[in-house]
Amino acid sequence: MATCAKCAPTAKSIARWIARVFQRIGPIADNILEALKAAGGALPLHDNSPPEEIRATLGISKKAFKQAIGRLFRDRLIFINPREIRLVPPGAREGETRRRQ
């Protein structure tokens, strides 16, 4: 099967795409952190929240929400459980954080 050299993504084009995604998600993640702090450290949103609820609460799409909370979780800034997302207590950030059930 032949591939078209003009159509095939290159490492450079993929790297540019990833950089654009990270630039877009950074401010959204910051807004979620601010909303968490304003709400006392927890929001009743999670991976399976309806898109309408996410848009009404934060004004963003569900896809952007999931990308941003994924980044915050990888950075060990939030816990994700079936009912809510919650800020990691400042003292726990240095230690190991796990996904709460």
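These questions and answers walk through a predicted model, from its overall layout to single residues.

Residues are numbered from 1 along each chain as its sequence is written, and side-chain values use heavy atoms, with hydrogens and water left out. As the model is predicted, local features need pLDDT of at least 70 and side-chain atom pairs count only at pLDDT 80 or more, while totals for chains, interfaces and linings use all residues.

Colleague: In what order do the elements of the protein run from the N terminus on?
Modeller: Helices (H or I, at least four residues) and strands (E, at least two) are DSSP runs, numbered from the N terminus. The protein has three helices and three strands. Their order is α-β-α-α-β-β.

Colleague: Which strands are the edge strands of the sheet?
Modeller: Two strands pair if DSSP finds at least two bridges between them. The open sheet has three strands in the order β1-β3-β2, with antiparallel pairing. Three bridges join β2 to β3. Each edge strand pairs on one side only, and these strands are β1 (42-43) and β2.

Colleague: What percentage of the residues of the protein count as buried?
Modeller: Buried means under 20% relative accessible area, exposed over 50%, and partly exposed in between (1.4 Å probe, protein chains only). The protein has 101 residues. The buried share is 30%.

Colleague: How many Å apart are the end C-alpha atoms of α3?
Modeller: The expected span of a helix is 1.5 Å times one less than its number of residues. α3 has 13 residues, so the helix should span 18 Å. The model agrees: the end C-alpha atoms are apart by 18 Å.

Colleague: With which residue does E84 form a salt bridge?
Modeller: Side chains of opposite charge can pair when their charged atoms come close. A salt bridge is a side-chain nitrogen of Lys or Arg within 4 Å of a carboxyl oxygen of Asp or Glu. The structure holds one. The closest N and O atoms are 2.9 Å apart, and the partner of E84 is R86.

Colleague: Why does E84 count as buried?
Modeller: E84 is found in the loop between β2 (78-80) and β3 (85-87). E84 touches A42, L43, P44, L45, H46 and F79, not counting residues up to four places away in sequence. E84 counts as buried because its relative accessibility is 18%.

Colleague: How far from a polar atom of the side chain of N81 does the backbone nitrogen of E84 lie?
Modeller: N81 lies in the loop between β2 and β3, and N81 is buried, with a relative accessible area of 11%. A polar contact is a pair of N or O atoms within 3.5 Å; within protein, one must be able to donate a hydrogen and the other to accept it, and residues adjacent in sequence count only if both atoms are side-chain atoms. The side chain of N81 also reaches the backbone nitrogen of R83 at 2.9 Å. For the backbone nitrogen of E84, the distance is 2.9 Å.

Colleague: How far apart in space are K37 and R86, C-alpha to C-alpha?
Modeller: K37 is found in helix α1 and is exposed at 52% relative accessibility. R86 is partly exposed, with a relative accessible area of 29%, and F79 stands opposite R86 in β3. K37 and R86 are 49 residues apart in sequence, and in space their C-alpha atoms are apart by 9.4 Å.

Definitions and conventions. Contact means heavy atoms within 4.5 Å.
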